Amino acid sequence: MKKASFFLWIYILASLTLFGCSDNHHGLSQDNPTAITIWHYYSGHVATQFDELVTEFNNTVGRENGIIVTAQSMSSANDLEQALWDSALGKIGSCELPNVFQCYPDIAVSIESEVELIDLDKYVTEDEKLMYVRRFLDAGCIGPNKSWKIFPVAESTEVLMLNKTVWDQFAKDTGTGIDSLSTWEGIAQTAKHYYEWSEGKAFFGRDAFANYAIIGSSQLGHELFNGSGNQVTLDFDQESMQKIWDNFYIPYINGYYSQAGTFRSDDMRIGEIAALVCSSAGAAYFPSKTVLPDGTACPIECMVLPLPNFENTAPYAALQGAGMAVTKTTQEQEYASVLFLKWFTQSEQNLRFCAGSGYMPVSLEAAKPNVMSAYLETHSSNTVINDTILTSLSQLEKYIMYQPTGFCGGTQAKSILEQTMPALAIADRAAIKEGALPDEYLSDAHFQEWYANTLSELKQYCK
């Protein structure tokens, strides 16, 4: 009974907050419910949690106001984007466009050439905006006019995750301190020592290499992509790229870094690496044990640390949670769509969703470290997720949180960054293991070739 009363009270508060005393429900009617569809790419337990909240909305606020929400997972960001373009262009067999879809700024900017997105200011007051972390709202302002087109629902950043079980033994044997992992230069040097200590095992791996290049370049004084929409300039500074190369490509071809699976958590699971950088939203996938090639299973403990930075630079980290855009349809559907997003991002719902996933809340109240910490203490037993969220919120306070600009062709440009250096490093490391001499790969000419080729490819999408 106490639990039921609690949720009834939350529902009453939600209704009062969302609707106030206004009778203007923009045509919504209990007798003639308005149906809205949402496309997202959450998967696994996160998708399950999202679906549970959709069901709760439908049974409470949705039922009271005549709204029925249907959510569909599109598996991945690429699959969702392809489905959007198929629908927008009317391809045979495509689905009707959703009312709401999950996206990053690049996708929203590009799809607006075919699909009109509403300006969220139409349905969200300035007072309501005060309930959110401002930088999360600003991250959804796109295009030349910086119109607010993407509603934040949960944000992520990047953190360093460590196999503490292995690290403790390595640190004990070598005297290496944890502070060596605070910079990219320190990671590279530590990885070399680990390689020697472990008799040839890689130490580190990284998801989302493009973030490393974009954030690193900004730290070093050069914003790679500057502008928005179709007006984007490229600052692909050679000296900055050399530093990025020296602290990724060079350790990689020496065997100090590795990437074997789809994600670095996969590599951690098989004992391929002992440290990784990944999205905070990937915390739930950090393995509880490693399974070696001979089948031996070794329990491991995780340590979550802040994202490393280049030496003598201001601390930067990516702000990268995808938000929700609303397509222009009827007044009833637009209003119902935004109403759901407001409800979903109220503190209670936001805390519940984020506590099970590793995301940071977007509600100003829920994003307070003491509020989040107290909630996790009583609602979550997953220490990896808990540590990740609290580390992320600490970065939010101490780091410059960088949101890469969204622009037409941005997905393709960032894909070039994502692939060129890692693919070259993987190929060259394989050649060295087959007996090739490393001198050719360590030469300045090899870097210059990569730099020129990558610059040429990026210029297809930027000035």
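Let me start with Leu 339, which counts as buried at 1% relative accessibility, where buried means under 20% relative accessible area, exposed over 50% and partly exposed in between, with a 1.4 Å probe and protein chains only. This is a predicted model, in which local features need pLDDT of at least 70 and side-chain atom pairs count only at pLDDT 80 or more, while totals for chains, interfaces and linings use all residues. Residues are numbered from 1 along each chain as its sequence is written, and side-chain values use heavy atoms, with hydrogens and water left out.

Leu 339 is found in helix H14, residues 331–344; helices (H or I, at least four residues) and strands (E, at least two) are DSSP runs numbered from the N terminus. The C-alpha atom of Leu 339 is separated by 9.1 Å from that of Gly 62, although the two residues are 277 apart along the chain.

Let me turn to the sheet. Four strands form an open sheet with mixed pairing, in the order S7-S10-S6-S13, and two strands are said to pair if DSSP finds at least two bridges between them. Strand S7 (204–206) and strand S13 (302–305) stand at the edges with a single partner strand each, so one side of each is left without a neighbour in the sheet. On average, neighbouring strands of this sheet are turned by 25° against each other, direction ignored; axes here are lines fitted to C-alpha atoms, for helices over the stretch in contact, and angles run from 0 to 180 degrees between N-to-C directions.

Now to a helix pair. Helix H15 (residues 347–355) and helix H16 (residues 369–379) pack at an angle of about 65°, with their axes 11 Å apart. From H15 the contact (heavy atoms within 4.5 Å) is made by Glu 348, Leu 351, Arg 352 and Ala 355, and from H16 by Val 371, Met 372, Tyr 375 and Leu 376.

Which residues does Asn 386 contact, leaving aside its neighbours within four places in sequence? They are Leu 376 and Ser 380. Asn 386 is found in helix H17, residues 383–398, and counts as buried at 12% relative accessibility.

Finally, Asn 247 lies in the loop between helix H11 (238–246) and helix H12 (249–253), and Asn 247 is buried, with a relative accessible area of 9%. A polar atom of the side chain of Asn 247 lies 2.9 Å from the backbone oxygen of Lys 243. Not counting residues up to four places away in sequence, Asn 247 touches Trp 184, Glu 185, Ala 188, Tyr 212, Tyr 257 and Phe 310.

Definitions and conventions:
Polar contact = N/O pair within 3.5 Å; in protein donor to acceptor, adjacent residues only side chain to side chain.
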